[in-house]
Amino acid sequence: MTSNAPDFYDARDVELEGLGTDSPSNDDLIKDPNGVVDAEKAHEFDCDSSEAEYVPSNKLSGILNKVVPHGGFISNAYNLAAVTLGSGIITLPSAFQSTGVIVAVIVLVVITLCTVYSVYIMMQAVEKTRRTMDSYEKLSRGLLGVGWDYLAAFNMWMFCFGSCVSYVISTGDLLSRATDGDNVNTFVKSKWGNRVLVIVIWAVTMLPLSIPKEINSLRYFSVIGVSCMMYFVVVIIVHSAMNGFEDGKQKHELALFKTGNDVIVGFSMFIFAYLCQTNVMEVYREMKLPSPKRITIQTGASMTVCLILYILAGVFGYLEFGSEITDSILLFYNVRNEPMVAVAYIGIGIKMIVGFAICMQPSRDSVYYCLGWWFPMFRDIRTVPLWVNALICGFMAIVALVLGLFIPSVTVVFGLVGSFCGGFLGFIYPALFVMYAGDWSLKTVGWFHYICTYLLLICGVVAVVFGTIASIYGEIK
């Protein structure tokens, strides 16, 4: 297969064609009279700002920048881990139970390698477009054609919106364990009592944080959230060591291999847990001296840490609860009598609240991308009236709340979103991007990349088709 690169342009800017060759380019507009790139202007014109030096906006940012330099190895690796090491970890013991320990470990290793490779080839496509296409939507429209960008926007919206729904469900799971006691009001312990508490928390915290146009300051709280998720893995290990054995022998027999529909559903949950590609474009823009090789090394380091944590959480969670664990592990701890678990639950609660607001932003942006082709004000968040933004974000937040209240299990969301969105965003799109970015053939890329790219594409198709069907079948059977 040989691909020729198309002309790289943004269809929204066709009105600029009449300005002639003397019109200033974006690179000219972002430089001061001395020819130095201005970071704020570079951000404003959405240009390559890798030359611009990052300037902390406050003292706290300045201190953090000295400890962990902005756009450096540690910063980028952590940012990728932050989007990966999230709510997906709470279903990993269930996924291990569905697939078997050996199968689960093999699948996790394979998905880790696929994730790292997909980032590598996707950044190659970005470089071939001279970084004029630095988002899924832009790459899809420029390389694959009209319509593919809408599919990409839909997948981005579905993944982020699905994450919002999972945060609502997980909040209910946290509350169900926190209110499970003899001295707790009967209504509070009931299903509708739990829903009322979730609605109150949503209305007081999640909804207000979802309305603002910019919530960059919340990203500092995500640092706390990710740290709490890592602490939760430690809790899983310690709790399993204390309660998973009896007379020196494990209480539950662990299955090493399993077959059937549940294996495919577990595969979908693994994909959801690893989907960091949605954030990699932003990380790449913030890199110092960005290159596909550097982002691949950083992604590899980040995903390796996630792999280790995932295996530990999956094995030890499955070891303690055995075949009983078919849902979120949050439902299996006695939070009222165990301070160690209570601290972990508080941290996860913070992660859920802040994660809901952060995921609402890209969900909104995907909607605005589609609306922007017909309504110019949606092309830039700064030109969208506050009341319109509040109305759209509020509506999506309400829908996420309703779905989260009535969808019975978080594994349902992870299975569907992981298979469909993960298959497209993590596998199919990166493979197609590099294929259609130009100069891609067996002769130019060699056997290794040729085979790996096609395998990535095939895995994505399998995930989308069989994973989605298996997830639906698993709920209706």
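Guide: Let's start with Val 464, which lies in helix 18; helices here are DSSP runs (H or I, at least four residues), numbered from the N terminus. Bear in mind that this is a predicted model: local features need pLDDT of at least 70, side-chain atom pairs count only at pLDDT 80 or more, and totals for chains, interfaces and linings use all residues. Residues are numbered from 1 along each chain as its sequence is written, and side-chain values use heavy atoms, with hydrogens and water left out.

Visitor: Is Val 464 buried or exposed?
Guide: Buried means under 20% relative accessible area, exposed over 50%, and partly exposed in between (1.4 Å probe, protein chains only). Val 464 has 12%, so it is buried.

Visitor: Which residues is Val 464 in contact with?
Guide: Contact means heavy atoms within 4.5 Å. Leaving aside neighbours within four places in sequence, Val 464 touches Ser 419, Phe 420, Gly 423, Phe 424 and Ile 428. Its C-alpha atom is also 9.0 Å from that of Ser 268, 196 residues apart along the chain.

Visitor: And Ile 458, where is that found?
Guide: Also in helix 18, but Ile 458 is partly exposed because its relative accessibility is 48%.

Visitor: How many disulfides does the structure hold?
Guide: A disulfide is a covalent bond between the sulfur atoms of two cysteines; the cut-off used is a sulfur pair within 2.5 Å. The structure holds zero. Take Cys 393: the nearest cysteine sulfur, that of Cys 164, is 9.9 Å away. Cys 393 counts as buried because its relative accessibility is 0%.

Note on methods. Helix = DSSP H or I, 4+ residues; strand = E, 2+ residues; numbered from the N terminus.
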